[in-house]
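Colleague: I am new to this entry and would like to go through it by question and answer. Please show it, and start with a term I will need.

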Amino acid sequence: MATPITATAFVAALKKEGVRVEEVRDWRNHNRNHKGPWGPVHGVMIHHTVTSGSKETVDLIYDGRADLPGPLSHGCITKDGTVHLTGHGRANHAGLGDDDVLRAVIAERGLPTPNERNTDGNRYFYGFECENLGDGEDPWPEEQLDAIERAAAALCRHHGWGARSVVGHLEWTDQKSDPRGFTMDALRERIADRLK
Ligand SMILES: [Zn+2]
């Protein structure tokens, strides 16, 4: 049972992991806690934004859309490898997913294929939205992949989790395809190496 990291400790953990951090507006008090529970936290979820343009992307993840209010994640990782902090607390990123997947994440064992939408992921997962069109062609620069690896590892290290606590949105629900353009297994391998 893990208590969510504080905003100050989050910044410190990211910097210690070698991440370039930008704090966006009032991110420390920006959340959806008035709409539902936040925590205990069990893992980190990786997404792609289906956008291009770093400024527009960060603003979208902070503000959200008419049909989906922000924050849309805790951090937005742009192509240059900067982690923009966009929210602290419950965020609209994971949506409903499979309780069997949640149990596997908690146990850090291999993930079953998701086939149910019965569990509130926004309560249990940190989220990083990563700037990419998600069309399978838009490249993922090494600086960006490195930042994703480091940001996820920072949270794993803080909580004492292994790389299996990091999942892709597509592993949480069969309704999503993100992230696209690299495999979660490859990312988890990098995170595991970093955590050694
Ligand atoms: Zn997603």
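Modeller: Two strands pair if DSSP finds at least two bridges between them. Keep in mind that the model is predicted.

Colleague: Which residue in the hairpin of β5 and β6 takes a positive phi?

Modeller: Strand β5 (residues 75-77) runs antiparallel to β6, and 3 bridges join them. At least two bridges are needed, so these strands pair. One of the links is between Ile77 and its partner Val83 in β6. The hairpin has 4 residues between the strands, and the residue with a positive phi, near 85 degrees, is Gly81.

Colleague: Which residue in β6 is the bridge partner of Glu22?

Modeller: Strand β6 (residues 82-85) is also joined to strand β1 (residues 20-23), by 4 bridges, and these two run parallel. In β6, Glu22 is bridged to His84.

Colleague: How many charged residues does the contact of α5 with α7 have?

Modeller: The crossing is right-handed. From α5, the contact includes Glu149 and Arg157, and from α7 it includes Arg190 and Arg194. By class, there are 7 nonpolar residues and no polar ones, and the number of charged residues is 4.

Note on methods. Residues are numbered from 1 along each chain as its sequence is written. This is a predicted model: local features need pLDDT of at least 70, side-chain atom pairs count only at pLDDT 80 or more; totals for chains, interfaces and linings use all residues. A crossing is left-handed if the near helix is turned anticlockwise from the far one by less than a right angle, and right-handed if clockwise. Two residues are in contact if their C-beta atoms, placed from the backbone, lie within 7 Å. Ala, Val, Leu, Ile, Met, Phe, Trp, Tyr, Cys and Pro count as nonpolar, Asp, Glu, Lys and Arg as charged, and the others, Gly among them, as polar.
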